[in-house]
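This report describes the fold of a single protein chain and the surroundings of selected residues. The sequence and model are shown first, and the description follows.

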Amino acid sequence: MSVQSAPATTTAPAGPTTKQPPATTALAGGATGADEPAATRGRTSIADVVVVKVAGVAAREIPGVHAMGGGLSRTIGAVRDRVPGGRSNVGRGVKVEVGERQTAIDLDLVVEYGVPIADLARDVRENVIDAVERVTGLEVVEVNVTINDVHLPDDEDSVPETTSRVA
């Protein structure tokens with residue numbers, strides 16, 4: 001995956017007690033001064049996590065996508081989803097490289113049995129590209145789709161119902 005690389009905002013090296021902020025990409029550099037138009041005063045930066053979330057939501061919108069992520073990340077995510085107060089991770093199964101004006105995206109999917117995989121991958125790719133370019137303004141140079149598993153109808157993750165001993 002190749003993306004035109006550009007320096008993101010620089011941060012101090014993370015030491016043992018320093019937490020490094022998330023990576024961001026400057027989308028538009030602006031000018032300063034009262035004589036500049038209001039729309040060009042300042043600059044806009046987009047964190048990599050924004051692209052991850054937009055791509056994750058867009059991929060899940062396509063019928064036939066059962067889940068996202070590899071086996072281990074899905075297992076950890078399932079545990080996290082069951083913990084009270086836990087939130088589902090829309091970025092699970094999404095990796096991005098973000099440059100100054102471009103981004104490249106890798107998606108790991110689990111598809112429903114019976115769905116034509118080539119058609120599903122095309123639909124996911126189109127929806128992700130459209131959403132990321134519309135929301136962020138970045139050019140998407142590629143979307144790589146990896147199908148990790150097929151969800152079979154009898155693979156339900158449901159908990160068996162138990163009958164209550166008391167009324």
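## A hairpin and its strands

Strands S4 and S5 form a hairpin, with three residues between them. Strand S4 covers residues 94-98 and runs antiparallel to S5, to which five bridges join it; two strands are taken to pair if DSSP finds at least two bridges between them. Within this pairing, Lys 95 has Asp 106 in S5 as its bridge partner. Helices (H or I, at least four residues) and strands (E, at least two) are DSSP runs, numbered from the N terminus.

## Basis of the model

The model is predicted: local features need pLDDT of at least 70, side-chain atom pairs count only at pLDDT 80 or more, and totals for chains, interfaces and linings use all residues. Residues are numbered from 1 along each chain as its sequence is written, and side-chain values use heavy atoms, with hydrogens and water left out.

## The chain as a whole

The chain contains three helices and six strands. Read from the N terminus, the order of these elements is β-β-α-β-α-β-β-α-β. Of the 167 residues, 28% are buried, where buried means under 20% relative accessible area, exposed over 50%, and partly exposed in between (1.4 Å probe, protein chains only).

Among contacts between residues at least 6 apart in sequence, 66% join residues at least 24 apart; a contact means heavy atoms within 4.5 Å.

Strand S6 (residues 139-151) pairs with S5 in the parallel sense over eleven bridges, and Ala 104 stands opposite Glu 142 in S6. Together, S5, helix H3 (residues 117-136) and S6 make a right-handed β-α-β unit. A crossover is right-handed if, with the strands pointing away from the viewer, the path from the first strand over the helix to the second runs clockwise.

## Residues within S5

Asp 108 is found in strand S5 and is buried, with a relative accessible area of 15%. Its side chain makes a polar contact of 3.4 Å with the side chain of Lys 95. A polar contact is a pair of N or O atoms within 3.5 Å; within protein, one must be able to donate a hydrogen and the other to accept it, and residues adjacent in sequence count only if both atoms are side-chain atoms. Leaving aside residues up to four places away in sequence, Asp 108 touches Ala 67, Met 68, Gly 69, Gly 70, Gly 93, Lys 95, Thr 146 and Asn 148.

Thr 103 also lies in strand S5 and is buried, with a relative accessible area of 0%. The C-alpha atoms of Thr 103 and Glu 133 are 9.4 Å apart, with the two residues 30 apart along the chain.

## A position in helix H1

Val 49 belongs to helix H1 (residues 48-60). This residue is partly exposed, with a relative accessible area of 41%. Its C-alpha atom is separated by 9.8 Å from that of Val 94, 45 residues away along the chain.
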